[in-house]
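Here are a few notes to read with the model open beside you.

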Amino acid sequence: MEYYADIAIQIMFLMMLALSLNLLVGYTGETSMAQAAFYGIGAYTVGLLTMPVAVAGLEIATSSGVAGGAGWPFWPAVLISILVSAAVASAISIPALSRVRGEFLILMTLAFQLVTTQLMGSLTSITGGTFGLTPIPPMTFFGQSLIKPSQVVIVVGIATVLTFVFCYRLGESPFGRVLKGIREQETAVRAVGKGTVLPKVIVFGVAAGVAGLAGALNASYYQVAAPQSFNLDVSILAIAVVILGGVANPVGTVVAAILLGLLNPVLDALVGAEASAWRGVIYGLALVLVMRYRPQGLVPEHQGPLRFLRRRRRRNAPAVAAAATTRAPRDGAPDATPGAPGAVPSGPAPEVVLKVEGMSKSFGGIKAVSDATFDLTRGQITALVGPNGAGKTTLFNLITNAITPDQGAVTLNGTSITGLSISEIARRGMARSFQDGRLFERLSAIDNVAMAIPDQRAENPFILTVRPLYVKKRERAVRQSALECLQLVGMHADAETLVADLSYGDQKLVAIARLIATGADVLLLDEPTSGVDPSAVEHVIDVISDLRAAGKTICLVEHSVHMVERLADRAVFLDQGRVLAMGSMKELMARQDLKEIYFGA
């Protein structure tokens with residue numbers, strides 16, 4: 001009985017460690033090689049806090065060089081262990097995640113793991129050196145010391161279940177939706193007004209805190225914290241569990257942890273002393289086979305028992321009443337007929353919403369944009385036209401500060417937004433789409449749109465933890481609003497379909513719905529019909545016309561002269577990054593010099 005309980009405890013420690021890492025790797029797309037280091041920090045912290053206080057003249061039987069501990073009770077020490085692990089992770093992640101990405105983040109966390117393991121073995125007066133910190137007092141439960149595995153397995157089992165529920169709720173919450181968006185298209189998350197550095201720092205700290213909890217329980221169970229228990233091999237094992245099980249799916253992590261955890265006793269029984277060597281061979285072979293034949297893992301994202309729960313929850317969300325396909329014009333907005341340019345109102349000059357002045361950008365010796373100046377008028381569609389390479393998309397990037405301009409200024413509603421981040425610009429009322437869509441392909445259409453809805457307090461993990469009923473109510477309202485935006489573009493029937501499974505034309509419509517969901521008054525549309533089936537182009541035209549009728553100010557980059565003629569109130573002609581002319585499409589097409597450059601005879 002004790003033997004099987006001990007195996008179960010080992011598996012659950014691995015499970016907790018891998019579940020915490022899955023928040024980073026699976027949901028956020030950030031790979032850390034240092035999870036075992038935070039596992040160890042939790043173990044050493046609980047050891048130093050719970051060991052008896054050193055008393056002068058009374059020798060305490062501790063490891064070499066360690067005089068004693070703080071004499072704390074077990075559970076307060078566990079709480080501090082969680083907080084210390086989370087704080088250390090957050091401290092190193094703030095500069096790392098704002099400056100370091102991809103393989104460089106892997107190298108940085110690998111370096112932290114190796115340095116931490118080395119310090120565990122060399123700081124003898126604190127950690128006990130290579131032999132470890134011992135004896136650590138056993139865990140207690142209601143005042144009773146738990147020594148036997150059959151006693152400890154209950155406490156560790158409860159902790160594992162709570163870890164699973166916590167990681168699942170966090171990953172499938174509005175905050176988790178932001179994490180998935182960062183994983184898929186970080187720039188697109190910023191473009192709809194969401195910050196990306198803080199969520200990554202938070203999840204880095206949360207994942208480390210969970211690992212610290214596992215480490216604290218581990219040290220109290222074995223009554224020792226030694227460097228070899230928290231080295232790089234343990235971090236690699238946790239990554240293997242996540243990959244084998246399936247990223248962003250806690251069920252897969254549980255399955256893989258059980259399979260790999262059972263491998264140890266099986267090999268010990270079969271090959272004895274050679275078990276360690278065979279274990280490495282089997283781990284490597286399993287990873288190769290999974291990456292070759294089932295890269296999505298044993299239980300892929302969006303599959304498994306939890307998929308039924310998600311679907312049931314969403315089916316129970318309130319249905320959205322039929323929404324009109326157009327919105328009433330705002331006060332002062334020009335009247336417009338769908339499919340035709342809006343009439344310019346007589347009387348006072350139209351209100352300028354966006355002013356771009358002297359915008360320039362060079363890449364080496366190439367002048368991509370040169371002293372571009374134009375403005376956008378409220379409630380009208382302005383098209384940027386010109387040949388390929390004229391600088392139209394680059395100008396969008398400069399206006400939204402996705403690319404830093406060499407010079408120039410941008411004013412939105414009379415306030416300078418020059419130098420602001422793309423997310424702050426979106427929050428101030430100007431949002432953009434992308435030529436390549438940049439949708440979150442492994443999310444559903446409705447989740448793509450819900451990502452863009454502003455002021456979601458439910459995206460705060462603290463509120464998610466302390467006010468679950470509020471979060472549930474708010475999320476229901478967010479999804480309803482997202483469904484209304486999808487209905488405006490005719491995509492509500494495919495709301496729960498993964499974007500990767502939609503046609504390219506439908507993806508473009510979802511991108512427009514996501515843009516609408518930001519609530520921005522100024523919309524920058526980058527080639528909304530590029531690659532779209534001709535049969536769907538008319539629908540896109542109608543949708544954009546309806547946005548103008550709703551009072552939106554739109555700047556459009558589009559190669560289709562037919563579409564620009566149908567939609568644009570005015571056009572800005574660009575060539576080699578310079579503004580050559582402005583006016584109606586009829587006026588521009590009548591100019592001989594522009595015909596030679598772009599329109600043709």
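1. Both faces of strand β5 are covered: Ile381, Ala383 and Val385 on one side are buried, and so are Thr382 and Leu384 on the other. Buried here means under 20% relative accessible area, with over 50% being exposed and anything in between partly exposed (1.4 Å probe, protein chains only). Helices (H or I, at least four residues) and strands (E, at least two) are DSSP runs, numbered from the N terminus.

2. This is a predicted model, in which local features need pLDDT of at least 70 and side-chain atom pairs count only at pLDDT 80 or more, while totals for chains, interfaces and linings use all residues. Residues are numbered from 1 along each chain as its sequence is written, and side-chain values use heavy atoms, leaving out hydrogens and water.

3. Which strands flank β5? Four bridges join β5 to β10 (residues 553-557), running parallel, and four join β5 to β11 (residues 570-575), also parallel. Strands pair if DSSP finds at least two bridges between them. Alanine 383 stands opposite leucine 556 in β10, while leucine 384 has valine 572 of β11 as its bridge partner.

4. Do take a look at helix α7 (residues 174-191), which spans only 17 Å between its end C-alpha atoms. The helix bends by about 125° at glutamine 185, the bend being the angle between axes fitted to the seven residues ending there and the seven starting there. In α7, 15 of the 18 residues are buried. Just after this helix, glycine 193 takes a positive phi of about 95°.

5. Threonine 253, in helix α10 (residues 250-271), counts as buried because its relative accessibility is 0%.

Notes
Expected span 1.5 Å × (residues − 1).
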